[in-house]
Amino acid sequence: MKKYQEHKIAVAPMMEWTDRHCRAFHRQLSRHALLYTEMVTTGAVIHGDRDHLLGFSGLEHPIACQLGGSDPVEMAESARIVAEYGYGEVNINVGCPSDRVQSGRFGACLMLEPELVASCVSAMKDAVKIPVTVKCRIGVDDQDPETALDRMAELVFEAGADALWVHARKAWLKGLSPKENRDIPPLDYDRVLRLKHRFPEMFIGLNGGLQTLDQSEPFLDTLDGLMFGRAAYHTPQMLGEVDRRFYGGTTGDVSPWDAVRAHRNYLEEQLGKGVKLARMTRHMLGLFHGRPGARSWRRILTVEAIKPGAGLEVVDRALAAVSPTDLDVEAAE
């Protein structure tokens, strides 16, 4: 567990959200939080446009790639490719409940095949030197979470998995949509805590429903890591506190204003490569959530970033519309 212990905080892999531009932006707020790619399938990695799928900026480290697949040979080959691209970790998706992943025999349906997941872990461990991890649910459909999760953990750890991130909900493959599966099945954090007591020496991280750092931090008294999904995306300013609170940072929190200013260089570089401003700023809309001027910030970025030729002047105009509170001004001084 020692080599993985540093990853106390992670931003979850989220389809259509955690692309390279999202991750580059999140990195301006935290130097240490582990950032995940969107899930990429083994077929796409082996046969698709790898630079498009796997390319990333060096500033994004530490970064992990999540794979979707279930064939041990293909998973091992994909893991080799991921490692060659410079990722620091490769993760197996055993949690996504969508119809697409079920038809492809990966994602949450693999909770029903823990032996197969373990075979994938073993093949990937033989193929790469970077950590191989698993992200799973506590069970699917009518599975008993006590039996299902224990069996998954036992087998993947025996196969050499370096960490297990657990989304503390069941996934209902029949009757609920992927969106409903993120909210309707009840959270069962106690189940994940019991798993940690059974495997005290192994890295077990918690995912699912974590909204704030204050709410979530007490789980680190027992567990090894916290993985934030929608909360980190919709209120990314929370990441500005992560380095100080969880990694012993001594330079103070990163304010939303500082993050935007630091991000200008990346935006300028990508604009020079022909990337449209709106592709990047869409990940920044929630940065000033709850602060004066937040509505103007969102409106300017939403309306003006999509215009032909939109550049950094749009971001600067949006930033000027956000009014720091007296408390923010005092903190800056």
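**Cysteines, strands, pocket and loops**

Visitor: How many disulfides does a search of the whole structure find?
Guide: This is a predicted model. A disulfide requires two cysteine sulfur atoms within 2.5 Å. The sulfur of Cys 22 is 15 Å from the closest cysteine sulfur, in Cys 65, and is therefore too far away for a bond. Over the whole structure, the number of disulfides found is zero.

Visitor: Which cysteine holds the sulfur nearest to that of Cys 65?
Guide: Cys 65 takes part in no disulfide. Its relative accessibility is 0%, so Cys 65 counts as buried. The nearest cysteine sulfur is 15 Å away and belongs to Cys 120.

Visitor: How many residues of strand S4 are buried?
Guide: In a regular strand the side chains alternate between the two faces of the sheet. In S4, Ile 63, Cys 65 and Leu 67 point one way, whereas Ala 64, Gln 66 and Gly 68 point the other way, and all are buried. Strand S4, residues 63–68, is thus mostly covered, and the count of buried residues is six of six.

Visitor: In S9, which residue is the bridge partner of Asn 207?
Guide: Strand S9 (residues 225–228) is covered on both faces, with Gly 225 and Met 227 buried on one side and Leu 226 and Phe 228 buried on the other. Strand S1 (residues 9–11) pairs with S9 in the parallel sense over three bridges, and the partner of Ile 9 in S9 is Leu 226. S8 and S9 likewise pair in the parallel sense over three bridges. The bridge partner of Asn 207 in S9 is Met 227.

Visitor: Is Ile 204 buried or exposed?
Guide: Ile 204 lies in strand S8, residues 204–207. Among the residues it touches, leaving aside those up to four places away in sequence, are Phe 157, Leu 164, Val 166 and Leu 223. With a relative accessible area of 0%, Ile 204 is buried.

Visitor: What is the volume of the largest pocket?
Guide: Rolling a probe the size of a water molecule over the atoms shows where empty space is left. For the largest pocket, that volume is about 740 Å³.

Visitor: How many residues of the lining of the largest pocket are charged?
Guide: The largest pocket is lined by 29 residues, and the closest to its centre are Pro 13, Met 14, Met 15, Lys 135 and Arg 182. Among the elements that each supply at least two lining residues are strand S5 (89–94), strand S6 (132–140) and helix H11 (230–234). The lining divides into 13 nonpolar residues, ten polar and, as the charged share, six.

Visitor: Which proline is joined to His 61 by a cis peptide bond?
Guide: The proline in question is found in the loop between H3 and S4. Omega of the cis peptide bond is about 0°, and the residue joined to His 61 is Pro 62.

Visitor: Is Gly 55 buried or exposed?
Guide: Gly 55 is found in the loop between helix H3 (50–54) and S4. Not counting residues up to four places away in sequence, Gly 55 touches Arg 20, Arg 23, Arg 50, Tyr 85 and Tyr 87. Its relative accessibility is 14%, so Gly 55 counts as buried.

Visitor: Is Glu 16 buried or exposed?
Guide: Glu 16 lies in the loop between S1 and helix H1 (20–29). Its phi is positive, about 70°, although Glu 16 is not a glycine. With a relative accessible area of 59%, Glu 16 is exposed.

Technical notes: Residues numbered from 1 in each chain as written. Predicted model: local features only at pLDDT ≥ 70, side-chain atom pairs only at ≥ 80, totals over all residues. Heavy atoms only, no water. Buried < 20%, exposed > 50% of the residue type's maximum accessible area, 1.4 Å probe, protein only. 1 Å grid on protein atoms, 1.4 Å probe; cavity = no way out; pocket = protein on both sides within 12 Å on 5 of 7 lines; lining within 4 Å. Points joined across faces, edges and corners; volume = space filled by probe spheres on them. Helix = DSSP H or I, 4+ residues; strand = E, 2+ residues; numbered from the N terminus. Nonpolar A, V, L, I, M, F, W, Y, C, P; charged D, E, K, R; others polar. Contact = heavy atoms within 4.5 Å. Pairing = 2+ DSSP bridges.
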